[in-house]
Amino acid sequence: MTVNTLKRIDLIFHEDCECRQVLEKTFSKSNDDIINDVLESGLKGRGGAGFPTGLKWKFTAEQPADERFVICNADEGEPGTFKDREILFKVPSKVFSGMAVCAKVIGAKKGYIYLRGEYRYLLPELQKALDTFHRDIKDLIDFEIFIQMGSGAYICGEESALFESMEGKRGEPRNKPPYPTVAGFKNKPTVINNVETLVYAFMICKHGPLRFKEMGTSDSRGSKVFSVSGDTPIAGIYELELGMSLEHFVEEFGDGDTKAVQVGGAAGFCVPRKKFKETIIGFEGVPTGGSMKVFNSSRSMYNVLHNYLEFFEEESCGQCTPCRVGCQQLMKGVEAVKKGEKKAVYLEQLLKLSDTMKMASKCGLGQSVANSFSSIVNNFREEMIY
Amino acid sequence: MPEVQELVKSLADKYGRKRENLLHILQGIVKEERYLSDVALSEVARELDLSAAQVYGTATFYTFLDTEPRGKYVIRVCRTISCDMKGKNQIIQAIEDSLKIKLGETTQNNKFTLLETNCMGWCHEGPAMLINDQAYTKLTVDKAIEIITDYAKNK
């Protein structure tokens with residue numbers, strides 16, 4: 001009998017803690033000690049890319065500059081991801097507190113929350129909570145948070161595109177390096193973290209690094225908030241320990257007829273039934289920013305892929321050729337194969353094109369189109385043709 | 001168009017006249033006017049001392065910064081996969097029939113515009129739509145029509 005790897009955790013949404021008390025305790029430590037706690041916990045970015053949060057903070061703090069910023073990335077646009085909305089709605093003060101801890105460590109006086117335009121209805125309550133927070137911590141730290149609204153652009157969740165957008169420009173990603181820790185918002189050293197990452201950083205300050213580190217696996221420490229949707233009787237938001245097998249996930253969330261799970265949204269990977277057992281959800285297996293879409297056998301994977309390609313084709317910023325033209329050609333290509341205008345072997349050329357996009361695109365958007373494209377085409381080839 | 005001029009000026013006074021204030025100002029105009037007219041865009045360019053091309057280029061990058069006239073209520077139905085699987089096409093069809101417009105069009109009385117939008121973060125409660133800033137979820141054909149009728153009558 002195998003041990004069930006699926007474990008529900010209640011850390012993030014658990015009773016709204018006394019943020020001020022935790023901040024007082026945290027601020028009594030040295031900046032190095034705080035960074036070491038975050039490093040020790042093993043926390044990696046929860047937006048999807050998984051860069052160690054402690055290192056990000058450390059690099060930014062060490063970069064000589066007259067001004068530094070902390071930015072909370074709330075441009076949650078990945079299809080199938082909706083956990084940041086819930087976090088901002090339910091426990092906003094933990095997000096602000098995480099930002100305040102980061103601000104102290106890196107020496108930032110100003111922080112920003114970049115909130116996607118689709119979530120504007122959250123703004124009044126969020127601003128109210130923010131005003132209360134500012135009043136509560138006024139005497140603790142010289143730090144102010146501003147909320148900036150997006151206007152409907154998926155690409156602005158890419159960190160450098162987000163900076164461009166905040167500077168009043170088109171949200172087109174920048175060349176890297178320099179990385180945000182060196183030159184971010186207004187070309188100043190900037191920590192940009194996902195909403196969930198900031199909350200976990202704060203929870204680590206509250207409970208100590210050990211509580212977090214003892215969960216998960218050596219590559220994927222801690223727990224994570226998952227957004228579960230699709231063909232599941234219990235769609236919703238769940239905090240789960242990292243490192244579970246997809247098989248156990250499907251046992252819990254599937255409808256008994258699950259044929260595939262899209263892990264990580266349109267930019268993620270499609271895992272077919274035969275690979276559920278061997279697939280680990282975490283940085284050593286298939287990583288996710290939280291999006292878990294369940295498909296049962298009534299679904300056409302061609303329609304799923306086509307929907308994703310339509311999404312990418314529209315959301316590509318158009319700046320670099322591999323992504324701009326690649327997204328269009330992949331979509332035209334699968335349509336032509338489906339209609340029989342092209343032979344099935346044409347799929348090989350399309351797979352090659354997606355590989356080129358992975359290598360040659362400027363940012364994560366174009367680089368990750370191949371993830372869903374190749375995993376769906378390779379695993380459900382017959383559905384692409386017939 | 002003195003009205004637009006005044007609006008742009010008041011927004012620039014409120015947010016500032018630097019490049020980094022551009023999005024705030026454009027968002028402010030869309031809130032009042034529902035879209036960015038050519039006159040409004042050139043007025044912003046003049047007020048912020050930017051080229052009209054820079055302002056237009058920025059505006060057209062963002063889906064929610066419309067540069068075509070829109071109705072008082074902009075309906076955006078989510079088209080991404082979860083809402084698609086839950087039947088967003090029937091919802092769109094029902095709204096089209098009810099308002100007698102096609103996707104992308106505005107009603108004759110300028111009250112409603114019907115659009116699709118990419119994932120708006122309600123995948124677990126789809127199909128979902130936004131009417132201006134307000135989100136409506138777990139839609140059925142009946143529920144969608146009820147909401148639209150309420151807007152048509154009472155707002």
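The model is predicted. Chain A gives 37 residues to the contact and chain B gives 29. The largest nonpolar core has 134 residues.

**Contact between the chains**
- On the chain B side, at least two residues each come from α2 (22-33), α4 (52-61), α5 (81-85) and β4 (134-136).
- α5(B) supplies the largest share of that side, with four residues.
- Sorted by class, the side of chain B that touches chain A holds 14 nonpolar residues, eleven polar ones and four charged ones.

**Nonpolar cores**
- Within the core of 134 residues, the residues with the most contacts are C102(A), V199(A), A201(A) and L26(B).
- V199(A) is in contact with I12(A), I87(A), V91(A), K94(A), V95(A) and G98(A), leaving aside its neighbours within four places in sequence.
- Another core, of 23 residues, lies apart from the largest one. Its members include I91(B), C123(B), A128(B) and A144(B).

**Domains of chain B**
- Chain B is split into domain 1, spanning 2-61, and domain 2, spanning 73-154.
- Taken over C-alpha atoms, the centres of domain 1 and domain 2 of chain B are 28 Å apart.

**Hairpin in chain A**
- Strands β5 (residues 223-230) and β6 (residues 236-241) of chain A pair in the antiparallel sense. Six bridges join β5(A) and β6(A).
- β5(A) and β6(A) make a hairpin, with five residues between them.
- Opposite S223(A) stands E241(A), in β6(A).

Methods. Residues are numbered from 1 along each chain as its sequence is written. Chains are lettered from A and ligands numbered from 1 in the order in which they are written. This is a predicted model: local features need pLDDT of at least 70, side-chain atom pairs count only at pLDDT 80 or more; totals for chains, interfaces and linings use all residues. Two residues are in contact if their C-beta atoms, placed from the backbone, lie within 7 Å. Ala, Val, Leu, Ile, Met, Phe, Trp, Tyr, Cys and Pro count as nonpolar, Asp, Glu, Lys and Arg as charged, and the others, Gly among them, as polar. A nonpolar core is a set of buried Ala, Val, Leu, Ile, Met, Phe, Trp, Tyr and Cys residues joined through C-beta atoms within 7 Å. A residue is buried if 20 or more other C-beta atoms lie within 10 Å of its own, exposed if 12 or fewer, and partly exposed in between; C-beta atoms are placed from the backbone. Domain bounds come from an automatic or database domain assignment. Two strands pair if DSSP finds at least two bridges between them.
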